[in-house]
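Please read these notes with the model open beside you, and follow each point on the chain as you go.

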Amino acid sequence: MGGNGVLAAILAGDTFKYYSEGEWQVSSSGKSVPIINPTTRMTQFKVQACTQEEVNKMMESAKNAQKSWAKTPLWKRAELLHKAAAILKDHKKPIAECLVKEIAKPAKDAATEVMRSGDLVSYYAEEGVRVLGEGKFLMSDSFPGNERTKYCLTSKIPLGVVLAIPPFNYPVNLAVSKIAPALIAGNSLVLKPPTQGAVSALHMVHCFHLAGFPKGVISGVTGKGSEIGDFLTMHPLVNCISFTGGDTGIAISKKAGMIPLQMELGGKDACIVLEDADLELAASNIVKGGFSYSGQRCTAVKVVLVMESVADALVKKVNEKVGKLTVGPPENDYMRIAWEEPFGPVLPIIRISNVEEGVHHCNASNFGLQGCIFTKDINKAMLISDAMETGTVQINSAPARGPDHFPFQGLKDSGIGSQGVTNSINMMTKIKSTVINLPTPSYAMG
Ligand code: G3P
């Protein structure tokens, strides 16, 4: 299932349609944006170059749809998400094929991305009914000077229209990690996929369409950044932005209005290797963490800080494992590699003479996404973890985002807010209080 028939439904000639007001549409611009296959360097697909007017229509539709979507019972919203998840998994093959062609993701990883995404949508549906089904009840007499006359009931309400902007490296998984919390919480969702990865993402959106989401609850817009980029992120009908990517996120956060932002902007994930580390384990994780998907992961190992005494042994093991891969010689400005995020298969290894030096190097970075420590001494690991200024520290494993329900966040320039199932649902909601005021009881009046 989910092969050519689906692609035909979302294609107009040789260009993929965009999704607005519950329908697949052709842009009035008459223009398209090419998607280059990174392997062949040839145009693989084309998507619509939408206009600002089409964005306006989409936003209006999203705003109107959200009102009734928020009133749709939570269990029904969950049911639809479960349905979309099942359809998505059913479409694993064609979507994975798109991922291979659009972003050169290895076939096995591409299939994993689709399945992982289906699981994540289901998990959101499961967790959403629990997290959103609960509220708080507070009594006034717990605060000094108050009688027991005010009862406060709190619940979580949606924000409105959520704009989701995922990156090219996970155009499906990091799209659903924004779509699912938004929808389960009663928001409507506008997706702006990355150009590389847009067709995989549109195909995923079609799975939500097939699941039967009401029109306007989910939309997908494609186009040129110069035409619709700022227009989307500064749009007055957008009530929340969830973005994953690079420096663009810093620009967005400066331009966006007074709305909640969820940002994941990359990292310079350090791997600290102590003298007592299992070097075989460390080397395997360094190679996997540094070079899988050519290092194009925010959570890739991007610098190794190894104790002088075991540095040679570690480098030997890493070199053996890198095997046929060619890591170019240090560039003229080698030290730039020690600080910047190359997003490629480059891995500087720096010798340190003590733990403090390693922690200092890690913390001197403007990024603070993840880091890892290899040691057999759990006490040391905990102390170092505490000292590292990163959103997550992995002990004896390479940095990684998953499992997808774990909290995922960056400090400093690595982001705003925290992702992960519960955190994303909470981030895409607001607390609403209703206070019941009772007359002061006669016993309290003396
Ligand atoms: O944005 C995070 C992404 O680049 C890495 O995710 O799952 O490969 O750790 P993951």
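1. The side chains of Glu-308 and Arg-351 form a salt bridge, with 3.3 Å from N to O; the term stands for a side-chain nitrogen of Lys or Arg within 4 Å of a carboxyl oxygen of Asp or Glu. This pair joins distant parts of the chain, since Glu-308 belongs to helix 11 (residues 308-322) and Arg-351 to strand 16 (residues 349-352), 43 residues apart. Helices (H or I, at least four residues) and strands (E, at least two) are DSSP runs, numbered from the N terminus. Glu-308 is partly exposed at 43% relative accessibility, and Arg-351 is partly exposed at 39%, where buried means under 20% relative accessible area, exposed over 50%, and partly exposed in between (1.4 Å probe, protein chains only).

2. A word on the source: this is a predicted model, in which local features need pLDDT of at least 70 and side-chain atom pairs count only at pLDDT 80 or more, while totals for chains, interfaces and linings use all residues. Residues are numbered from 1 along each chain as its sequence is written, and side-chain values use heavy atoms, with hydrogens and water left out.

3. The whole structure holds 14 salt bridges. In one of them Glu-97 pairs with Lys-93, the closest N and O atoms being 3.4 Å apart, and both residues lie in helix 4 (residues 92-103), 4 residues apart, about one turn of the helix. Glu-97 is partly exposed at 39%, whereas Lys-93 is exposed at 59%. Glu-113 and Lys-105 form another salt bridge, at 2.7 Å between the closest N and O atoms, and both of these residues are buried.

4. Which residues touch the most other members of the largest nonpolar core? They are Ile-179, Leu-183, Leu-189, Leu-191, Met-204, Phe-208 and Phe-213, out of 66 residues; such a core is a set of buried Ala, Val, Leu, Ile, Met, Phe, Trp, Tyr and Cys residues joined through side-chain atoms within 4.5 Å. Helix 7 (residues 198-211) gives the largest share of this core, 9 residues. Apart from this core lies another, of 34 residues, among them Leu-279 and Val-306.
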